[in-house]
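Hello,

Here is the structure I said I would pass on. My notes on what was found in it follow below.

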Amino acid sequence: MGLLSKKATCNTHGQDSSYFLGWEEYEKNPYDEIKNPDGIIQMGLAENQLSFDLIESWLAKNPDAANFKREGQSIFRELALFQDYHGLPSFKKAMADFMSENRGNRVSFNPNKLVLTAGATSANETLMFCLADRGDAFLLPTPYYPGFDRDLKWRTGAEIVPIQCTSANGFRITKSALEEAYEQAQKLNLKVKGVLITNPSNPLGTTTTRTELNHLLDFISRKKIHLISDEIYSGTVFTSPGFISVMEVLKDRKLENTDVFDRVHIVYSLSKDLGLPGFRVGVIYSNDDFVVSAATKMSSFGLISSQTQYLLSTLLSDKTFTKKYLEENQIRLKNRHKKLVSGLEAAGIECLKSNAGLFCWVDMRHLLKSNTFEAEIELWKKIVYEVKLNISPGSSCHCNEPGWFRVCFANMSEETLKVALDRLKGFVDGPSSTRRSQIEHQRLKNLRKMKVSNWVFRLSFHDREPEER
Amino acid sequence: MKQLSTKVTSNGHGQDSSYFLGWEEYEKNPYNEIKNPNGIIQMGLAENQLCFDLIETWLAKNPDAAGLKKDGQSIFKELALFQDYHGLPEFKKALAEFMEEIRGNRVTFDPSKIVLAAGSTSANKTLMFCLAEPGDAFLLPTPYYPGFDRDLKWRTGAEIVPIHCSSSNGFQITESALQQAYQQAQKLDLKVKGVLVTNPSNPLGTMLTRREINLLVDFISSKNIHLISDEIYSGTVFGFEQFVSVMDVLKDKNLENSEVSKRIHVVYSLSKDLGLPGFRVGAIYSNDEMVVSAATKMSSFGLVSSQTQYLLSALLSDKKFTSTYLNENQKRLKIRQKQLVSGLEAAGVTCLKSNAGLFCWVDMRHLLDTNTFEAELELWKKIVYEVKLNISPGSSCHCTEPGWFRVCFANMSEDTLDLAMKRLKEYVESTDSRRVISKSSHERIKSLRKRTVSNWVFRVSWTDRVPDER
């Protein structure tokens, strides 16, 4: 082992978990309309592939942006040398404006409070380094993005304590769930430093309600802790009730000059709205000068390529483009979402009513042999190996009720989605399907206390696709 | 403090140090040939600005690379989605070959052992996370790049224990210095995990000798620890002697598949050789699969933009370009360094004989009032405020002898360098006539090795201004 650190060696990276199988199977046998029509369709990747054409036409009309030119003059040298961790001013301004636009210009963002990072992965880890010491905890509502286990905990030594949410109320965050999570942390002797939510939610695809946001603000105010709102999916809201950012609620409640204002931080990225995960563009927004200052220095470890900052500053400064993009992106997501929902309905499968994101939170509890996570994994394996669809089991997202799956819809063509849905219908209707009785539709209240086993942690961390959200 | 982490609050970031003054003064009053000819000339920034024209010409002839196209077809979608932490295969291949070319193709680099990082700042930190626990220590020869205090220690909790090198032997690493550093770490109750060297050295501008590398390999072998060789300046070697990488030595000693080879790791970046610090391209190279695997996963926190990976894979795959570039870069650096050295000589100032890097390690001990760091800082302030040159004081690099300064030469035009040398000459001539230079101030101070460097020196390495300046 050559005396490596614990971080490098004792990490259970899921090489031996069943989740890994799904990815492995997909890579061995990936679906291709022409070359491999019986292959596995990837529905576990939350990518937005619906609107690239809009960006490509913009690039064709604005060649300077990618070619290191400004008004026909080369600025290659300037960009090659630019490594200031404060970021390209024109880019930060364009990002701040874009974030405002995403919120209907109901709130404004000050570019000086923005810290650029290499993706939201880096932003979240950096915020954790700024807000938590080793052994401190953050509360997260379940189900949550599996990558958080790595991003928030791995190198920081921080802990996550779940806020248990259930289908009983559409997985909404309740006051009692918040309090229970806080008490649970105390029982485990962990100092709670804050709450982290993803709004709109991954994997639920729902926007956080004003009620929930109010509860959260009251809670963090009382406990004197932080709130991180990861709003990476804010530009994927395609239908009512519409997106409400925590910044809006702070403004509406006139909390802008209070103590709690400085403890609310936003994370954003262009990986989902613009579909550019490869460009590594993330952002921390904070009203706390200290956090901005420290995070800025830490960003040295993951700065955004100046080449990329320049391209995107030009793109996002074009308001005609951003307006058109946001509208069109919304329309396309809405249509595609509808197709998935109808297709699932035709197979007798429901999903959580959602209005955002690149996926649906699908209810397959009635297809389980028993109300257990073992049965969920069995079902999942069938779906991977027989139905040949790679979808994400709810247990990998720390959901406390078996039978829920996240199914993505924006990372494939319409035709491929249709094929996937036909296959699913075939599986459900066919003789090999396992139908549960109506009794089994009952919701399980006791699952809240169920401890998620070790392999589920490992599920969230494997060797293949670390950036999959 | 609103319950922020201790990392954020208990950190001395040098806002109140004198080093900060130099940068501040420069930014208030930056030299400009036309608009501000009396301003401060920036000689504290180790940037390579000498060969941009070569890259720009290449870009003009190869528009597809920046235009996100391959053979005229748009690959925008592919690149936009590409976030695989294993990196763009064609980029890693091109990078591996470039690293081989820099070492005269005497050694080979396997692309699958390369881990990409957002700059070597990120690469060094990641390696530290992989090799050291909080409280473990790495030994570093002094003087060293000030940024290491942040890059290796800040978020990892690791410690640095210096290997004291002195001018008595040209700052070379000796066996006794290595052993002393190791013992010092033990006295401080720190577990030594390895040694980190920068080769060619920043701030010295010299290459490690084969003898020193052999010493290091034997040392880490006997102590069963790691060796990190930060070879970020490997493409800036302009002297007659060949660059000897630790990889060369491993090969020559037939240790390539040995146990010790697994504990030797190389760090690289395109920020100095190609002058592209803004693009954030760094790499870790390791023969230890676990390190490669863990570092690859950690690289999620600082991946290289796919847009940039693609551009550079096209650039570096063009062997005609890389060959021309490396040759020309060498030539221009050599000429420019010579200009600095002659200019200094004309002012009666010598520097350490060097054959690499973007700077010289300049000996101004004879200009000190006393052989102290206070005097060094006094001199430095004079040079910033009166001579109007921003150069880096040796104490910021943890040098144990006062009076040494790092002066950069590749981040300005020839004329600007000329002017800087004239100013220095005038200053020295005017002070010569005012001072009485006593013989004793030329004496080397042997006991300085034990001198603890004060707190402000640590802070000096951490300013708010230009964090990635090397």
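Helices (H or I, at least four residues) and strands (E, at least two) are DSSP runs, numbered from the N terminus. This is a predicted model, in which local features need pLDDT of at least 70 and side-chain atom pairs count only at pLDDT 80 or more, while totals for chains, interfaces and linings use all residues. Residues are numbered from 1 along each chain as its sequence is written, chains are lettered from A in the order in which they are written, and side-chain values use heavy atoms, without hydrogens and water.

In chain B, residues 41–424 are 42% helix and 16% strand, with the end C-alpha atoms 11 Å apart. Over residues 41–424 of chain A, the figures are 41% helix and 15% strand, and the end C-alpha atoms are 11 Å apart.

Now the interface. Contact (heavy atoms within 4.5 Å) joins 79 residues of chain A with 77 residues of chain B. Between them the two chains bury about 7,200 Å², 60% of it on carbon and sulfur atoms; buried area is the accessible area (1.4 Å probe) that two parts lose on being put together, summed over both. On the side of chain A, the residues that lose the most area to chain B are A:Q83, A:R155 and A:F301, together 12% of what that side buries.

The rule finds 1 salt bridge across the interface of chain A and chain B, a salt bridge being a side-chain nitrogen of Lys or Arg within 4 Å of a carboxyl oxygen of Asp or Glu. The side chains of A:E125 and B:R155 form a salt bridge at 3.9 Å, N to O.

Regards
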